Structures are given as C-alpha cells and as structure tokens.
Amino acid sequence: MDMLLTGGKVYQGGTFVSADVAVSDGRIVSVSPSLPRDGYSIVEVNDCWIVPGFVDVHVHLREPGFSYKETVETGTAAAAAGGYTTVCAMPNLNPVPDSAEHLREQLDIIQRDAKIWVIPYGAITVGEKGERMADLEAMAPDVAGFSDDGRGVQSDDMARTAMELAKKLERPYVAHCEVNDLLIPGGCIHAGKWAAEHGIPGISSESEWKMVERDIGLVRETGCQYHVCHISTKESVELIRQAKAEGLPVTCETGPHYLVLCDEDLQDEGRFKMNPPLRSAEDREALIAGLLDGTIDCIATDHAPHSAEEKSRGLRNSAFGIVGLETAFPVLYTRLVEPGIVPLEVILDRLCTRPREIFRLPKVTVEAGSDADLTVIDPNRSYVIRGEEFLSMGKAMPFEGWQVSAGVAATICGGELVYDARSKGGAAE
C-alpha cells in the first residue's frame, strides 16, 4: 500500500530532521518537510522519530520443533512490536537445519507465517552435536551464516574445517563460545560473589573467553569471517579488541541485559537465568566501554522463549533463556541513553547499521530509494514493562515491572505497517 508518514523526525546523518516520508511498492519514494497527502494512506507519527528498521542477528523462534515455546508467527509479531524488521533465527530446532532438506522445513514456515524478514542460520555440525560437519555448501544460499548456537564447537579440528569452508562459501562462522571442560555440574549463574554467598554453582568467565581466544587463533589461520555471539566478560571484550587491532575479520554482539544488569541484580527466579549468565559489575562496565569504542558491533537480544512452567523453577532448575525483542530499545534508551552513558547514535548504529554491514544485508536509510523497512520511535512513551502484555509466547525476562521512558510506536517492513502501538493488541490492522 502507498503510505505517508507525517509529522515525524527522520534520522539522517546522525541527526533528526522534520520531514514526511512517502512509501510506495515497498520503497521510500520521497522524504520532504511537507508532502501532498492525495493517494496515500496517512500514518500520523507526530513528534516520533523515524529510523532504519532494527536488526536482531540472534533470536530463537523455536519452530519447527518447539512451538509450545514460540512460533515464527508469534516471534515475528513480537519482533515487529520491538521495532525489528529483520531477524536472524538460530538453528537449535527439530529438525536442526543441518541439510538443505531440514532447512527447507524452516524456510517454508518462515515464508508462510513471518511478519517481518527472517533469515535462518545453518548449523555447523549435524544435529549441533559437534561430531560431523553439516552440509554447509547446500545451505549457504539461504542462510545468514553458520552456527551451533547453544553449544560451542569443542573440537579444534572441527572448528578449523568449518571456518575454512565458511570462508570458501563467503558466510560468517557465528560462535557460541563455551568450553565444556570448564563447566561444573549445575552451573547456572556467574561464578562470582553472589553465587558464593547463596551456595549456587557458578559458570566461570574462563569458559567463555577461552573459546574466544582459541577461535581467534583459528581465524588467524583461516581468514574466516568470525562473529562471536552474546559476549559477557571483560576478557572477551579485550580479546576481540586486540583481534580487531590486528586487522582480523572478527566481530561480536552483546545483549541488552548484559549492558544494564549484573550478578548483583540477581533474584532466585527463572527470569534471571540465561547463558551466558549476568556477570560482574566490572564485566558490565567493560561491555559498555566496548560498545563505546566500537569493539562491540551489534546489540542482539538472544530472544529465547520458554514455557511458563520451564521458567518457574528458580535459578537452579529453570531453563536457560529470556525474551527480549519487545524490551530491547526501551531498556537501552532508558538505562543507557537518557543518563548520558551511551549516545543514541551508538545504540542506533548497533541496532540498525552494523548488523546489516556484517551480515551483508541490504542497506536501509530514511532516504528516497531505500527499502521501506522503518522503525518509528516514540521518545515520550512512558510505560511499565509487563510480560503478560507481550506478543511473544515467552514472558520471562528480568525487566518485569521496569518503568521505561520511550517505546516503539510503529514498524514498517517491506512497505507494510506490521505493527502499530495504537491499534488493539499492537498488531497492525
């Protein structure tokens, strides 16, 4: 449909400029201070900001195989509500997308049910078991990259071979970094002061950064494009900073929760349990520094929904994973931008620009000729985060009850209004 966004401020060149935005056939056709309304469906966005659509390179949509946790339909509805126009879906599914045949099941569901753009990952190993190489070549045309997310590839030889093949196929190797030999039975939170005081088994920082260190060494050998998932430790930040200084093709992401929380904030509830865990305040400060100096390229939610029962068993026995698509920008803006800790342009770069560059997605700007994938932000939308109001089937997250001061007003994907906060339930009519 032809659409005219009126009364907003568009984000161009790092600043906001008052302008209307005309959309036709999935593209922006004009951006101007005042455009004629004839022939357009009018979307009033008075005093809101219009920015390129957010991208999340790390989500779990749970389908096929685990539709009691989330579906492509509900997960992408939640993504749209969070301002996302593109997400990259992780492969810990059933069947695992480790061949063209298995990947096709996921692609068919995406084509049928997705409300925004979804690009899947292919698994690195068959069944994500780390034993045999998946059919990377057959999957390469349809995937964002290759990952065994949820499990680290333990074998040096397997990781090296996969990197060599990923380089040949011109796809990134996307690493969940965790050394199994450094994990202790029952580890569920950061191995720090809080864990010791409460007698809860911890997960060491070394279990993450040791694999980051190993993989960077393999990148030196192979020249593979390498992206680290959800970094949480100060050591990982420094290793990646040094790798970039060396000129290696290394990038990384962290999650909103690691930037605004630490293990001092823990409560013995499943909504605080994720992997990697919330680390120390010192780790959080290192992550913020890495965001500011460009070491950290992307902010990704690691949206990982589970059933209410699976998240109701406390820290020790709940499933790992929290949801985050519907809270990412409001939390980042309220806790980092408003206090002056991180500039808005840095947050937008890590949500809108760098993910597209790293994963070779089409460039999106708020300019004539660009794809009409847009996020409309209301900087004056004050509300309380309530999981029960989410469009995601998952409700568990550590931000329950938080007061936030900005939110997503609307999301346009492919020129279609896929989310409108003013309509009933948030879904566009």
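At what angle do helix H11 and helix H12 pack, and how far apart are their axes? The views below answer this and describe other parts of the structure.

This is a predicted model, in which local features need pLDDT of at least 70 and side-chain atom pairs count only at pLDDT 80 or more, while totals for chains, interfaces and linings use all residues. Residues are numbered from 1 along each chain as its sequence is written, and side-chain values use heavy atoms, with hydrogens and water left out.

**View 1. The packing of helices H11 and H12.** Helix H11 (residues 328–337) and helix H12 (residues 344–358) pack at about 150°, and their axes are 10 Å apart. Helices (H or I, at least four residues) and strands (E, at least two) are DSSP runs, numbered from the N terminus. Axes are lines fitted to C-alpha atoms, for helices over the stretch in contact, and angles run from 0 to 180 degrees between N-to-C directions. The angle makes H11 roughly antiparallel to H12 (under 35 degrees is roughly parallel, over 145 roughly antiparallel, 65 to 115 roughly perpendicular, and the rest oblique). Phe329, Leu332, Tyr333, Leu336 and Val337 of H11 make the contact with Leu344, Ile347, Leu348 and Leu351 of H12; contact means heavy atoms within 4.5 Å. These residues comprise 9 nonpolar, no polar and no charged (Ala, Val, Leu, Ile, Met, Phe, Trp, Tyr, Cys and Pro count as nonpolar, Asp, Glu, Lys and Arg as charged, and the others, Gly among them, as polar).

**View 2. An open sheet of 3 strands.** The strand order is S6-S7-S8, with parallel pairing; two strands pair if DSSP finds at least two bridges between them. Strand S6 (54–59) and strand S8 (117–120) stand at the edges, each with a single partner strand, so one side of each has no neighbour in the sheet. Strand S7 (residues 84–89) pairs with S8 over 4 bridges, and Val87 has Val118 in S8 as its bridge partner.

**View 3. The crossing of helices H4 and H6.** The axes of helix H4 (residues 156–169) and helix H6 (residues 206–222) come within 10 Å and cross at roughly 45°, which makes H4 oblique to H6. The residues of this contact divide into 4 nonpolar, 1 polar and 7 charged.
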